[in-house]
Structures are given as structure tokens and as C-alpha cells.
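User: Could you take me through one part of this model up close? I am new to reading structures, so please go step by step.

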Amino acid sequence: MNIETIGLNAGLVWAALNEAETVDTKQLKKMAKIKTEKELYAALGWLAREGKLMFQSTEDGKGLLVSLVQ
């Protein structure tokens, strides 16, 4: 994985979140068609660093919900 791949995946994640308001990471990985969790979390880190994401825990505290900053 390189910076270019992370940037491309960040674009896929942003596009997926732009269509569906709040999703968990498992759904997001599928929607963005990203192959591995490692790639997903790298893309999330990229977008989080840019201040574009909000995170919250699922009700059971075992998952992570992600949405775009409005």
C-alpha cells in the first residue's frame, strides 16, 4: 500500500459516505469496495486528518459509526 492508493481509497470512502449518511465500518468497506480493513482504516485516517469525518461508537460499543462532517 502506498500514499497514492490511500488517497484513492479516501476518495472512494468519501463518495460512499456522501451517499449514505452514517454507516459502520463493515458496511463502509463494502460500499466503497475496499479490499482490506487495513486499507479502509488508512483511508479513514486520511479523511479524519483533513477534518472531514465524525466517529461514534455503536450502541453495543463494539463497532464504529462513520459520517461526514456537515
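**A salt bridge and the core**

Analyst: Happy to! In this predicted model, the side chains of Glu-50 and Lys-52 come together in a salt bridge, with 3.1 Å from N to O. The structure holds one salt bridge, so this pair is a salt bridge because a side-chain nitrogen of Lys lies within 4 Å of a carboxyl oxygen of Glu. Are these two partners buried or exposed, or something in between? Glu-50 has 43% relative accessibility, so Glu-50 counts as partly exposed. Lys-52, at 36% relative accessibility, is likewise partly exposed.

Now let's turn to the nonpolar core. The largest one has 15 residues, and among those with the most contacts inside it are Val-13, Leu-28, Leu-40 and Leu-53. The elements that each give two or more residues to this core are α1 (3–19), α2 (25–32), α3 (37–49) and β3 (64–68).

Take Leu-40 as an example. Leaving aside residues up to four places away in sequence, Leu-40 touches Val-13, Thr-25, Leu-28, Lys-29 and Ile-34.

Ile-34 also leads us to another residue, Asn-9. Asn-9 is found in helix α1, and it counts as buried because its relative accessibility is 9%. With residues up to four places away in sequence again left out, Asn-9 touches Ile-34, Glu-39 and Ala-43. Ile-34 is therefore a contact of Leu-40 and of Asn-9, where contact means heavy atoms within 4.5 Å.

Key. Residues numbered from 1 in each chain as written. Predicted model: local features only at pLDDT ≥ 70, side-chain atom pairs only at ≥ 80, totals over all residues. Heavy atoms only, no water. Core = buried A, V, L, I, M, F, W, Y, C linked by side-chain atoms within 4.5 Å. Buried < 20%, exposed > 50% of the residue type's maximum accessible area, 1.4 Å probe, protein only. Helix = DSSP H or I, 4+ residues; strand = E, 2+ residues; numbered from the N terminus.
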